[in-house]
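Dear colleague,

Please find the structure below, with its sequence. I would be grateful if you would look it over alongside the notes that come after it.

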Amino acid sequence: RYRKAIEFDYVFFNQKRAVEEWSQQSGPWAFWLPHAFEPQAYPNIETLKKYDVCFIGHVQDPTKKNYNGFSRTDALDRLFKEFPNFYYGSRHPAYPEKNIFEDAAHHFAESKVVFNVTIGDDINMRTFETMGTGSFLLTNYLPTLGELFEDGKDLVTYKTLDEMVKKVKYYIANEKERIKIAKAGYNKVIKRHTYQHRIREILNMIKRK
């Protein structure tokens with residue numbers, strides 16, 4: 001990818017560490033363009049809460065640790081034991097419409113806490129998609145998150161598995177706070193983090209150059 005990117009005047013990475021790596025190797029024309037979400041693909045759905053916790057995603061190699069020092073498997077194993085009223089969704093080739101787009105948005109909306117655990121130090125698409133559906137997001141702490149969102153206002157983060165469990169319990173029990181944060185996160189994403197916004201960022205960058 002780096003060899004191919006040399007052919008271009010502008011290179012956009014959705015992970016900030018890649019910008020730093022690229023700049024060290026090849027030049028200063030790389031830019032950070034985080035993931036975003038598409039409102040028509042992940043609509044804001046209002047429905048009754050059926051689940052305490054929801055996670056949609058794949059389970060990776062349990063030896064692969066994230067920025068906080070634990071794997072996705074570590075986190076899910078702990079949550080499954082602590083919160084049996086749990087929706088877990090993963091994609092399967094036989095059911096390509098399941099757990100993606102509007103189907104995923106329905107499950108987010110049915111859940112009090114939408115749980116996210118990133119791989120490595122990457123802000124993933126699920127971060128934006130969850131908030132874009134108006135759902136409450138609990139995700140592991142990453143330094144770059146603070147450049148986009150305010151912890152405790154737009155979303156909530158955790159650094160350890162014990163803190164993760166504690167915060168899930170707290171926000172299940174405290175509905176008003178949970179709803180307030182979910183609304184703030186939705187407003188932030190709608191105003192700043194759709195793919196329309198990302199396209200404008202690309203075009204504005206080119207115009208400035």
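Predicted model: local features only at pLDDT ≥ 70, side-chain atom pairs only at ≥ 80, totals over all residues.

Residues are numbered from 1 along each chain as its sequence is written, and side-chain values use heavy atoms, with hydrogens and water left out.

Helix H4 spans residues 101-109; helices (H or I, at least four residues) and strands (E, at least two) are DSSP runs, numbered from the N terminus. Its buried residues are Ala104, Ala105, His107, Phe108 and Ala109, where buried means under 20% relative accessible area, exposed over 50% and partly exposed in between (1.4 Å probe, protein chains only). The buried residues of H4 pack against strands E3 (51-56), E4 (86-89) and E5 (111-116) and helix H5 (125-132), contact meaning heavy atoms within 4.5 Å.

Asn99 lies in the loop between E4 and H4 and is buried, at 6% relative accessible area. Phe101 belongs to helix H4 and is partly exposed, at 44% relative accessibility.

The largest cavity is lined by residues including Gln60, Asp61, Arg72 and Gly120. A cavity is a set of points, on a 1 Å grid over the protein atoms alone, where a 1.4 Å probe fits but cannot get out; lining residues have an atom within 4 Å of a point.

Kind regards

Notes:
1 Å grid on protein atoms, 1.4 Å probe; cavity = no way out; pocket = protein on both sides within 12 Å on 5 of 7 lines; lining within 4 Å.
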